Amino acid sequence: MQQTAPARDKWGSKVGFVLAAAGSAIGLGNIWRFPYVTGENGGAAFVLIYIFFVVIIGTPVMISEITIGRRAEKNPVGAFRHIVPGSAWWLFGILCVVTGIGILSYYSVIAGWTLGYFFKTLGGSFAQITTPDASNRMFEQFVANPQIVIGLLLIFITLTMIVVMGGVSSGIERWAKILMPILFLLLILLTLRSVTLPGAGKGLQFYLKPDFSVINAGTIGRALGQAMFSLSLGMGAMITYGSYISRRENIVISAGYVCLFDTLIAIVAGLMIFPALFAMGMDPQGGPGLVFIVLPTIFAKMPGGDFFGAGFFLLLTVAALTSTISLLEVAVAYLVDERKWQRRRAAVTMGALALVLGVPSALSFGGISFLTELPLLGIGFLDLANIVLGNYSLTLGALLISLFVGYRWGVARVREEIEQHDNVFYFRPLFAVLIRYVCPVAILCIFVYIVLTGNYF
Ligand code: TRP
């Protein structure tokens, strides 16, 4: 459904928002990031803490962001200017825009790898990958090739720009609707293959049997950051998407669905990776290359592996695309709403910026040794960006959202916005407690705990 000016573009159907928001939330965060972060942080205990944070922090912050967006019908900067005029809250909107472009820059590098693996599978590269070592070598050679990774980054950011130029309902929504369900089916299929591999049991144990002795401040901070990242929270993506939602929709229910789907997919992705990983005798602490090394070994061991492999990497690329669209859309909506830029010009400029910023991340896996292991920190450039922007900046964003809603704007306003057209604000008392006390206190405690123990990275 197209709308004509001056009305703002809106999601085209009732399920449009849930699909688009789920499209934003479900992406590499679930399938690439969740398994490797879980692997690095000890498995099942981390997963439990993660789920706990999705429920007590993720869901209320999600409801808050969507509500702010729908009330203001604006990008994050404009939204704060509109609902608390004259205050300094719009500066938080700027932080959102900056964080979004920063995340977009390195996220697109990984999305480029996914696309590259799609081409590799099509070319039959995985037929001989029967040992983890061979898979490892192939990955290392691939990511260390500057022309290839930068070329793929360029292709991927260009795709993102094209969709964002198309606008909300015609561009973003249409993609999400068709492709997400297919990805889910393929994920289930690969999980079935993985859990039936001989030796899969150890992986299931690692993933499902908690050992709390591995938990420390770093682990807890990483679980919270992962929850924010995976749900696309803390940088105004849901404020922006919420600004296109109809007043008839029940925000609580929509937010609930998005959180549920997103968590489900992450959990299934873990079930796909860990049994195979242990069956092959690999190391769960494999870092950002984890899924790219584990998955080819599953494809090599299943009938029609090339076909499923190619399909999987293609759909993962699409899932990444429905996420990068939301990362770029925040900056674009800001430039269009506040600075009166044309959508096309905004998308191209911000996309180009993300491309330039993405280059050091692209070169941080052997392309340039300085970036592969940064002096003093000992981690790669992409890792650093992923922790600073994809963890701490988002967590800070979630803290600010909860303080804003809890103490500046007020739960009464949230209620007013949600309870239109006979909609019920389910769990309102619980929401009030979570957003006013639980979210800010928990996040602050975690920050303090991390600082005191020095578990930053
Ligand atoms: N949530 C997406 C994923 O899991 C990534 C993403 C899209 C994101 N938009 C975001 C993360 C906004 C943080 C903020 O892949």
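Helix H10 is largely enclosed by the rest of the structure, because 14 of its 14 residues are buried (under 20% relative accessible area with a 1.4 Å probe and protein chains only; exposed means over 50%, partly exposed in between). Helices here are DSSP runs of H or I with at least four residues, numbered from the N terminus.

Before going further, a word on the model: it is predicted, with local features needing pLDDT of at least 70 and side-chain atom pairs counting only at pLDDT 80 or more, while totals for chains, interfaces and linings use all residues. Residues are numbered from 1 along each chain as its sequence is written, and side-chain values use heavy atoms, with hydrogens and water left out.

Back to H10, which covers residues 217-230. At 1.5 Å a residue, its 14 residues should span 20 Å, and the end C-alpha atoms are 20 Å apart, so the two values agree (the expected span is 1.5 Å times one less than the number of residues). At the start of H10, a side-chain oxygen of Asn216 comes within 2.9 Å of the backbone nitrogen of Gly218. Just after the helix, Ser232 has a positive phi of about 60 degrees.

H10 also gives two or more residues to the lining of the largest pocket, as do helices H2 (28-40), H6 (132-143), H13 (290-300) and H17 (381-409). This pocket has a volume of about 640 Å³, and among its 38 lining residues, Tyr36, Glu40, Gly286, Gly287 and Pro288 are the closest to its centre. A pocket is an open set of points on a 1 Å grid over the protein atoms alone, where a 1.4 Å probe fits, with protein on both sides within 12 Å along at least five of seven lines; lining residues have an atom within 4 Å of a point. The volume is the space filled by probe spheres set on the points.

Now to the nonpolar cores, sets of buried Ala, Val, Leu, Ile, Met, Phe, Trp, Tyr and Cys residues joined through side-chain atoms within 4.5 Å. The largest has 165 residues, and Phe53, Ile57, Trp113 and Phe312 have the most contacts inside it. Helix H14 (residues 305-339) gives the most to this core, with 18 residues. A second, separate core of five residues includes Leu363, Leu374, Ile379 and Leu384.

| Residue | Phi | Relative accessibility |
|---|---|---|
| Asp422 | near 65 degrees | 78%, exposed |
| Phe427 | about 60 degrees | 62%, exposed |

Conventions:
Polar contact = N/O pair within 3.5 Å; in protein donor to acceptor, adjacent residues only side chain to side chain.
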